[in-house]
Amino acid sequence: MNINQPGVPHLVEMPRHVILVVEYDAMLALDLEQTLAGAGHEVVRAADGHSAVIKAADPAVSVLAAIVNLNLPDRVTAREVIGRLRAQRPGLPIVVVTGYSPLASQADLRGLGGPTVRLQQPIDPERLLQRLKETMMSVTGVA
């Protein structure tokens, strides 16, 4: 039986709903993945900005939220990654992970759109899950 024949029903695969983790440090990425998986989330990891944008564009996945390290060692900066992710999905909830002081100019999140929240390193797993939930539930763009 040929399932591509007209009138023959075929299964359509639904995209997987995932949290995209954009983190270059493999151990930190693994810790984030384990924390998120332990809370019932499916995770897709990207080690740099370029691969994050490619993975988010995959029709087999639906990115529900992203966790992005602000200091990516790549030609595609975290700000660019966030802009490209939001171009693909406006209003995508994003948790920005940073070691920068909140007062540092590098940590300025203005202009990124929302909902966007900052999470200071070192990362507390409970705080990560709390901030992710707040961001995903935001209807005002402020979490």
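This is a predicted model: local features need pLDDT of at least 70, side-chain atom pairs count only at pLDDT 80 or more; totals for chains, interfaces and linings use all residues.
Let's start with the parts list: this chain has four helices and five strands, where helices (H or I, at least four residues) and strands (E, at least two) are DSSP runs numbered from the N terminus. Residues are numbered from 1 along each chain as its sequence is written, and side-chain values use heavy atoms, with hydrogens and water left out.

Now the chain as a whole. Of its 143 residues, 37% count as buried; buried means under 20% relative accessible area, exposed means over 50%, and partly exposed is in between (1.4 Å probe, protein chains only). The accessible surface comes to about 8,300 Å², with 56% of that belonging to carbon and sulfur atoms. Those areas come from the Shrake-Rupley method with a 1.4 Å probe, and for residues only the protein chains shown count as cover. As for contacts (heavy atoms within 4.5 Å), take those in the chain with a separation of 6 or more: residues 24 or more positions apart account for 63% of them.

On to the inside. In soluble globular proteins, nonpolar side chains tend to be buried together. Here the largest nonpolar core has 24 residues, and Leu20, Ala66, Val68, Leu85 and Ile94 touch the most other members. A nonpolar core, for the record, is a set of buried Ala, Val, Leu, Ile, Met, Phe, Trp, Tyr and Cys residues joined through side-chain atoms within 4.5 Å. Which elements give two or more residues to this core? They are β1 (16–22), β2 (42–46), α2 (49–57), β3 (61–69), α3 (78–88) and β4 (94–98). There is also a second, separate core of 14 residues, which includes Ile19, Leu32, Val43 and Ala65.

Next, look at how two of the helices sit together. The axes of α2 and α3 come within 10 Å and cross at roughly 10°; the axes are lines fitted to C-alpha atoms, for helices over the stretch in contact, and angles run from 0 to 180 degrees between N-to-C directions. That makes α2 roughly parallel to α3, since angles under 35 degrees count as roughly parallel, over 145 as roughly antiparallel, 65 to 115 as roughly perpendicular and the rest as oblique. On the α2 side you'll find Gly49, Ala52, Val53, Ala56 and Ala57, and they meet Val81, Arg84, Leu85 and Gln88 in α3. Sorted by class, this contact has six nonpolar, two polar and one charged residues. The classes work like this: Ala, Val, Leu, Ile, Met, Phe, Trp, Tyr, Cys and Pro count as nonpolar, Asp, Glu, Lys and Arg as charged, and the others, Gly among them, as polar.

Beyond its neighbours within four places in sequence, Val81 is in contact with Gly49, Ala52, Leu72 and Val76.

Two other spots are worth a visit. Tyr24 sits in the loop between β1 and α1 (26–38) and, at 40% relative accessibility, counts as partly exposed. Tyr24 and Ala47 are 23 residues apart in sequence, but their C-alpha atoms are 4.3 Å apart in space. Ala47 is one of the contacts of Tyr24 beyond four places in sequence, along with Asn69, Asn71, Leu72 and Pro73.

Then there's the pairing of Pro15, in the segment before β1, with Ser62, in strand β3. They are 47 residues apart in sequence and 5.7 Å apart in space, C-alpha to C-alpha. Pro15 is partly exposed at 28% relative accessibility, and Ser62 is partly exposed at 22%. Not counting residues up to four places away, Pro15 touches Pro59, Ala60, Val61 and Ser62, while Ser62 is in contact with Pro15, Arg16, His17 and Val18.

Finally, check the prolines further along. A cis peptide bond joins Gly114 and Pro115, with omega about 0°, and Pro115 is in the loop between β4 and β5 (116–120). Another cis peptide bond joins Gln121 and Pro122, again with omega about 0°; Pro122 is in the loop between β5 and α4 (125–137).
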